[in-house]
Amino acid sequence: MIEFFAGIVILVILAVFGFGAFALIKSGISRFGGNIESPVIKAKSSLFLKGVLAAILCVLIIAPLTLVQDMAWERESLYRDVVNEIGESWGCEQLLAGPVLALPYSYVVITEETNDDGERKERRTVMQDELIILPKTLDINAQLNHDFRDRGIYHSLVYQSTIEGQAKFDFELPTINNVEHIYFNSARLVFGLSANKAIDGVDLFEVTGEGLEPQANLMSGTGVTTEALRRGFHRPVALADNPAPFTLDFKIRLRGSQGIGFLPLGETSTFNLTTDWPHPSFSGMLPTERNISDSGFSATWEISHLSRNYPQIFKETRGANLVEAQAHTQLFEPVTHYGKVERSLKYGLLFVALTFIVLLMFELSQGHSLSMLQYVMVGAAMTLFYLVLLALSEHLGFTMAYVAAAIMPILSIPAYVGSATGSRRAGLLMFSMLLGLYILLYSILRLEDYALLMGSGLLVAVLLTLMFLTRKQAKKTEEVSPR
């Protein structure tokens with residue numbers, strides 16, 4: 001509210017300075033321009049004064065356009081907050097890490113101590129640590145189905161997914177200094193997720209291999225402090241003293257929002273992602289294959305362990321940056337209605353200026369004169385379009401909101417100009433011009449990749465049109481002078 005009143009004050013100040021500048025220019029022309037009643041001087045001064053008036057109004061209109069843009073930013077920020085809140089409640093952006101094998105062990109640290117008598121004694125301290133063992137191969141197939149969740153007038157893109165995969169473990173334990181005992185019967189298979197509350201269910205988590213004891217129950221939490229493995233779930237598994245290769249098959253149902261990512265933890269990692277949302281944004285490690293259509297997209301990653309900087313087996317206390325390499329896909333709406341409103345505001349000043357230029361052409365060609373107040377009313381109608389567009393876009397689809405908001409200036413301004421000039425032809429010309437402008441603006445908003453090209457083309461077209469219309473202006477002013 002404070003920003004709104006500040007904007008009004010700034011607008012009033014600019015209006016006062018603009019009116020003062022206009023009065024000074026007019027006074028200067030009257031004093032130094034000779035006989036103001038001379039037809040030649042009158043025609044030239046009228047054109048100059050009207051041009052200055054249009055320029056001043058364009059500068060003044062920057063203030064309300066800026067207020068509308070600030071309002072659009074504020075509304076979009078609120079929308080993002082609501083989207084994040086819905087994501088936190090439904091399920092945030094998921095990052096899958098795992099499965100990995102956590103193998104606890106103990107080792108001895110020997111230190112020398114000196115007592116009060118000066119005797120040196122060895123002190124043995126037993127320390128606990130874990131080996132984090134990554135799979136030999138990791139294959140994951142993910143199916144995502146998008147949906148929307150609403151809160152008030154806002155809606156958030158979410159998804160439900162089914163993650164199926166297989167991980168094969170085949171490893172040789174490294175040499176550990178001062179190792180005391182390795183707890184093969186206390187190992188556990190860990191699966192890392194971004195948030196446990198997004199788990200809809202685990203339909204399969206089965207280990208097969210020689211020398212394995214019967215399956216234990218799944219348990220919440222991981223007991224691992226390494227980044228990306230801190231949250232999730234695990235299953236205890238008892239291994240033989242000389243572990244043989246084994247395989248883990250899993251099927252997990254997850255909820256999430258905005259995007260999903262996978263960590264290539266295997267020596268060879270393969271990810272297949274299929275979804276019914278047609279707008280992906282790939283980041284991190286790009287897919288080797290992808291297919292995008294109007295009905296959705298699919299992508300495949302094949303990643304070698306050579307593309308990352310951590311080993312297949314590392315000590316948990318030393319940690320590893322597992323998130324340094326990931327296959328990530330963002331599900332996004334290409335341009336939200338707020339983004340389209342903000343982009344349309346970038347052309348607001350140009351459209352207002354073009355409208356004033358057309359009004360000047362009417363005055364020069366048809367001999368009608370519009371007052372400063374009438375110019376202000378036309379500029380206000382052009383500016384109000386963006387506020388109406390912002391308000392309607394929150395309740396209607398952007399196309400419907402755009403059409404409804406554009407009807408107001410397309411019908412009101414031609415009717416106003418036609419009534420002010422007493423010329424139906426002027427009103428029809430203004431109608432055709434505004435209709436073409438708003439169709440062009442909508443085309444620019446729809447064609448994102450060609451927006452700059454179309455905007456530049458519009459400026460070139462306007463410049464050429466002005467050069468054509470004013471090419472004989474000097475001759476016209478000379479013709480009105482007395483012979």
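Trainee: Let's start with P99: which strand is it found in?

Mentor: P99 is found in strand β1, residues 94-114. Strands (E, at least two residues) and helices (H or I, at least four) are DSSP runs, numbered from the N terminus. Before we go on: this is a predicted model, where local features need pLDDT of at least 70 and side-chain atom pairs pLDDT 80 or more, while totals for chains, interfaces and linings use all residues. Residues are numbered from 1 along each chain as its sequence is written, and side-chain values use heavy atoms, with hydrogens and water left out.

Trainee: Fine. What is the peptide bond from G98 to P99 like, cis or trans?

Mentor: The G98 to P99 bond is cis, with omega near 5 degrees.

Trainee: On to helix packing. At what angle do α6 and α7 pack?

Mentor: Axes are lines fitted to C-alpha atoms, for helices over the stretch in contact, with angles from 0 to 180 degrees between N-to-C directions. For α6 and α7 the angle is about 160 degrees and the axes are 8 Å apart. That makes α6 roughly antiparallel to α7 (under 35 degrees is roughly parallel, over 145 roughly antiparallel, 65 to 115 roughly perpendicular, the rest oblique). Contact (heavy atoms within 4.5 Å) involves residues including Y402, I410 and V417 of α6 and M430, L434 and Y438 of α7.

Trainee: How do α3 and α7 cross, left-handed or right-handed?

Mentor: A crossing is left-handed if the near helix is turned anticlockwise from the far one by less than a right angle, and right-handed if clockwise. The α3 and α7 crossing is right-handed. Their axes come within 10 Å and cross at roughly 130 degrees, α3 being residues 337-346. That makes α3 oblique to α7. K340, R343 and S344 of α3 make the contact with L441, I444, L445 and R446 of α7.

Trainee: Which residues of α5 meet α7?

Mentor: M382, F385 and Y386 do, meeting L434, Y438 and L441. The axes of α5 and α7 come within 14 Å and cross at roughly 35 degrees, and that crossing is right-handed.

Trainee: How many salt bridges does the structure hold?

Mentor: It holds seven, where a salt bridge is a side-chain nitrogen of Lys or Arg within 4 Å of a carboxyl oxygen of Asp or Glu. One joins E394 to R75, with the closest N and O atoms 2.7 Å apart. E394 lies in the loop between α5 (372-393) and α6, and R75 in helix α2 (residues 39-90), so the pair ties together parts 319 residues apart in sequence.

Trainee: Last one: which residues make the nonpolar surface patch?

Mentor: V403, I407, L411, F431, L435 and I439 make a patch of about 500 Å². Patch residues have over 30% relative accessible area and no salt bridge; like charges are joined within 9 Å, nonpolar side chains (Val, Leu, Ile, Met, Phe, Trp, Tyr) within 5 Å. Areas come from the Shrake-Rupley method with a 1.4 Å probe, and for residues only the protein chains shown count as cover. Helices α6 (398-421) and α7 (424-446) each supply at least two residues of this patch; I439 is found in α7.
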